[in-house]
Amino acid sequence: EFTDDKNLNNNTTFKKLFVLSRIGELCLTPAIFTPDGDGHNDNLQIDYRLPQSGGELTLSIYNSRGIKIYDLCKRQPIDSDKGTIFWNGETQKGKVPTGMYIIYLEYHYQNKVTKAKKTAVLAR
């Protein structure tokens, strides 16, 4: 039994859920992105949450072998504790191949460092 259950006969209930974010967390959407220009899942959306504003943010892309291939931003001053950056599957050298990529966040503030990483799959 749930207090918000409106109809006890249909085995259906609605419960409010609250999503809590951890500080220093990354959220990648979609998990598999396809930068093929069709307008659907062409970019990887990288949402981040930081402990506080006023520090410097670095977001890097690594390939599945752990080799850094690109910096989306490097030591960029941040004036908000959350934000969004998009990656289109390209670097200075051009399009990257299909594969798994590691998105790595490093945030420097008040002589502290916050780190986070997640993986995403690029399919061409």
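Y48 touches E25, L26, L57, L59, I78, D81, K82, G83, T84, I85 and L105, leaving aside residues up to four places away in sequence. The model described here is predicted. Y48 is also among the residues with the most contacts inside the largest nonpolar core.

**The nonpolar core**

- The largest nonpolar core has 23 residues.
- Along with Y48, the residues with the most contacts inside this core are L57, L59, W87 and L105.
- Two or more residues of the core come from each of β1 (26-29), β3 (44-49), β4, β6 (82-87), β9 and β10 (112-122).
- Strand β9 gives the largest share, five residues.
- In soluble globular proteins, nonpolar side chains tend to be buried together.

**Aromatic pairs**

- The structure contains four aromatic pairs.
- Y62 and Y104 form an edge-to-face pair, because their planes stand at 90 degrees, with ring centres 6.1 Å apart; the cut-off for edge-to-face is over 60 degrees.
- This pair links distant parts of the chain, since Y62 lies in strand β4 (residues 56-62) and Y104 in strand β9 (residues 99-109), 42 residues apart.
- Y104 has a relative accessible area of 18%, so it counts as buried, the limit being under 20%.
- Y107 and Y109 make a stacked pair, with 5.3 Å from centre to centre and 25 degrees between the planes.
- Both Y107 and Y109 are buried.

**An aromatic cluster**

- F33, W87 and Y101 form one aromatic cluster.
- W87 is also one of the residues with the most contacts inside the largest nonpolar core.

Terms used: Residues numbered from 1 in each chain as written. Predicted model: local features only at pLDDT ≥ 70, side-chain atom pairs only at ≥ 80, totals over all residues. Heavy atoms only, no water. Phe/Tyr/Trp six-rings, centres within 6.5 Å; stacked < 30°, edge-to-face > 60°. Helix = DSSP H or I, 4+ residues; strand = E, 2+ residues; numbered from the N terminus. Buried < 20%, exposed > 50% of the residue type's maximum accessible area, 1.4 Å probe, protein only. Core = buried A, V, L, I, M, F, W, Y, C linked by side-chain atoms within 4.5 Å. Contact = heavy atoms within 4.5 Å.
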